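Colleague: I have a model open and would like to go through it with you. Could you take me through it step by step?

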Amino acid sequence: MKNRIILIIAIILSIKSTAQEKYLENEIDIDSLSLKVVSLFEKNKVSESIDLLRPYWPLAENEIDVLEKKTVKSLNIVEQRFGNAIGNIKVKTEKIKDIAVRLTYLVRYEFYALRLKFTFYKNNNGWLITAFEWDDEYTEEFK
């Protein structure tokens with residue numbers, strides 16, 4: 001009986017850790033959130049930028065934590081190679097009807113730029129983030 005109770009508690013806790021807490025209401029909220037994240041990312045405030053995404057991201061907390069730690073380490077190397085951040089620009093907005101939006105930004109550094117991409121999905125409750133990625137492959141944006 002004790003094992004069964006422990007198992008039930010573990011299941012409830014794991015469901016809670018991946019449960020969607022909040023939803024964005026509209027595309028204006030999506031634009032606002034993504035711009036705030038990009039601005040913090042530009043200032044090398046990775047933890048703060050990831051924390052803004054957490055409530056809208058249906059990933060387990062530990063997965064988000066791993067992404068955050070890897071990003072912090074990598075971004076420190078980026079600043080050594082690319083120089084200081086000097087701004088950001090929104091490159092494009094892509095849509096699939098009224099159910100998905102992908103926003104692409106560039107964070108500009110003295111010697112290069114990083115691309116940040118956000119993908120949002122709309123379900124019956126509102127908008128949530130399904131992907132956040134960054135890389136230095138912005139040459140694809142010329143297509």
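Colleague: Which residues form one aromatic cluster?

Modeller: Before the names, please keep in mind that this is a predicted model. The aromatic cluster is formed by F41, W57, Y105, F118, F120, F132 and W134.

Colleague: And how many aromatic pairs does a search of the whole structure find?

Modeller: The search of the whole structure finds nine aromatic pairs, and one of them is formed by Y105 and F118, whose ring centres are 5.9 Å apart and whose planes stand at 85°, an arrangement that is edge-to-face. Because Y105 belongs to strand β2 and F118 to strand β3, this pair ties together parts that are 13 residues apart in sequence.

Colleague: Are Y105 and F118 buried or exposed?

Modeller: Both Y105 and F118 are buried, and for F118 the relative accessible area is 0%.

Colleague: What about F118 and F120, how are their rings arranged?

Modeller: The ring centres of F118 and F120 are 6.4 Å apart and the planes are at 15°, so this pair counts as stacked. F120 is buried too, with a relative accessible area of 0%.

Colleague: Why do you give me both a distance and an angle?

Modeller: A pair of aromatic rings is described by the distance of the centres together with the angle of the planes.

Colleague: Let's move to the sheet. In what order do the strands come?

Modeller: Four strands make up an open sheet, ordered β1-β2-β3-β4, with antiparallel pairing. The edge strands are β1 and β4, each of which pairs on one side only, and neighbouring strands are turned against each other by 20° on average, with direction ignored.

Colleague: What holds strands together in a sheet anyway?

Modeller: Strands of a sheet pair through backbone hydrogen bonds, and the pairing can be either parallel or antiparallel.

Colleague: How many bridges are there between β1 and β2 here?

Modeller: β1 and β2 pair over ten bridges in the antiparallel sense, while β2 and β3, which also run antiparallel, are joined by nine bridges, and nine bridges likewise join β3 to β4.

Colleague: Which residue in β3 is the bridge partner of L106?

Modeller: The bridge partner of L106 in β3 is R115, and if you follow R115 across to β4, its bridge partner there is D135.

Colleague: How many residues lie between the strands of each hairpin?

Modeller: The hairpin formed by β2 and β3 has three residues between its strands, whereas the hairpin formed by β3 and β4 has two.

Colleague: Which strands does α4 lie across?

Modeller: Helix α4 lies across β2, β3 and β4, and it runs at about 45° to β4.

Colleague: Which residues of α2 are buried, and what covers them?

Modeller: The buried residues of α2 are I30, L33, S34, V37, V38, L40, F41 and E42.

Definitions and conventions:
Residues numbered from 1 in each chain as written. Predicted model: local features only at pLDDT ≥ 70, side-chain atom pairs only at ≥ 80, totals over all residues. Heavy atoms only, no water. Buried < 20%, exposed > 50% of the residue type's maximum accessible area, 1.4 Å probe, protein only. Pairing = 2+ DSSP bridges. Axes fitted to C-alpha atoms, helices over the stretch in contact; angles between N-to-C directions. Contact = heavy atoms within 4.5 Å. Phe/Tyr/Trp six-rings, centres within 6.5 Å; stacked < 30°, edge-to-face > 60°.
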